[in-house]
Amino acid sequence: MSVRQNSDKHPFFTVVIPTYNRAHTLTRAVESVLKQTFSNWELVVIDDGSTDGTEALMAECTDARIQYVKTSHAERSQARNTGIQLAKGAFLCFLDSDDQFLPNHLAVLDAYIQQQPNVHVFRTGAWLLLENQGATQCLMEEGGEKEPFPFECIQTFAFHRSLFTKLAFDLRFAGSEDLHFLVRAGLAAPVFPIPVWTVVYHSRQEKESVSCQAGWKKTMEKLTCIDDILTWNNHLIVPYLQRHRCLSSLLLLRYAHFRFPELPFALRQNTKSLGNFPLTYLSLLSRILVVKLRECIPGAHVSRRF
């Protein structure tokens, strides 16, 4: 395994962390980069206008490889694009401020990059850590509703900097920008999967009072994102996109229970999904109905995966 000397001018990896009011988890993310066994990296933390003490927290970081930049609040896509513009590394990695790299993450990427010099996009595997539960090893292909599919878990990827001459994060999306970007990157360059699990993806349980409004907004954005992708992408992970288009439509019906004036809109979105992808929609609907039926039977096992 190759090890490079640190260089302020020429780090091999640039890790970009966008953050907004996550001082309580940012320390964990930054420390996971500091603990990397591969040391030739730089870390660019883009603070998207935080008001929770993030700036004071980052002032305590004295490692010369860390660059902290505070901007006005413009959402995550813009923050990541700012990090890309500042990056000096040959390969760029992205880490969310509530997730973490395992200590071997960059070393594993480096080893495969040296073996595959003509490949420009690599990805490892992720561990899914549910709040108050243990970690599970995510599949390297499409998983369940709660399991990050590789084309949404950007934390596992490394991109050659040459890709960013044509690619950037779409400012229209602040929650589904990973999916939109990764499909475009996958069309631009083949993705090399590395069968080593080096990232921990933290999934937090939100309070129901918050999750209805936030969930509706997040689901609407995902629908818009998927519909946009389907207008220009006709082969890369299309079954996955169709499935999540149908699932997002069904989720709108759930949220419409708390937002009754939005019910006609949710019904129109479900009609569109049913008309365009009938087999996928009916399959998901049947699975959801089975889950709901089991919830009504005392002692029955309830599956949490659609």
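The legends below accompany several close-up views of one predicted model.

In this predicted model, local features need a pLDDT of at least 70 and side-chain atom pairs count only at pLDDT 80 or more, while totals for chains, interfaces and linings use all residues. Residues are numbered from 1 along each chain as its sequence is written, and side-chain values use heavy atoms, with hydrogens and water left out.

View 1. Leu-223 lies in helix α6, which covers residues 208-232; helices are DSSP runs of H or I with at least four residues, strands are runs of E with at least two, and both are numbered from the N terminus. With a relative accessible area of 2%, Leu-223 is buried, a word that stands for under 20% relative accessible area, whereas exposed stands for over 50% and partly exposed for values in between, using a 1.4 Å probe and protein chains only. When neighbours within four places in sequence are left aside, Leu-223 is in contact with Arg-245, Ser-248, Ser-249, Leu-252 and Gln-269, where contact means heavy atoms within 4.5 Å. Leu-247 is 24 residues from Leu-223 in sequence, and the two are 9.4 Å apart in space, C-alpha to C-alpha.

**View 2. His-105 in helix α4.** His-105 belongs to helix α4, residues 105-115, and is buried, with a relative accessible area of 0%. Leaving aside neighbours within four places in sequence, the residues in contact with His-105 are Gln-36, Thr-124, Gln-155, Thr-156, Thr-198 and Val-199.

**View 3. Phe-181 and two ring partners.** Rings of Phe, Tyr and Trp (its six-membered ring) pair if their centres lie within 6.5 Å, and planes under 30 degrees apart count as stacked, over 60 as edge-to-face and the rest as tilted. By this rule the count comes to 16 aromatic pairs. The ring centres of Phe-159 and Phe-181 are 5.4 Å apart and their planes stand at 80°, so this pair is edge-to-face. The pair links distant parts of the chain, since Phe-159 is in strand β8 (residues 157-160) and Phe-181 is in helix α5 (residues 177-188), 22 residues apart. Phe-159 counts as buried at 0% relative accessibility, and Phe-181 counts as buried at 1%. The rings of Phe-164 and Phe-181 have centres 6.0 Å apart and planes at 10°, so that pair is stacked.

**View 4. An aromatic cluster.** Phe-12, Phe-13, Phe-38, Phe-91, Tyr-112, Phe-122 and Phe-192 together form one aromatic cluster.
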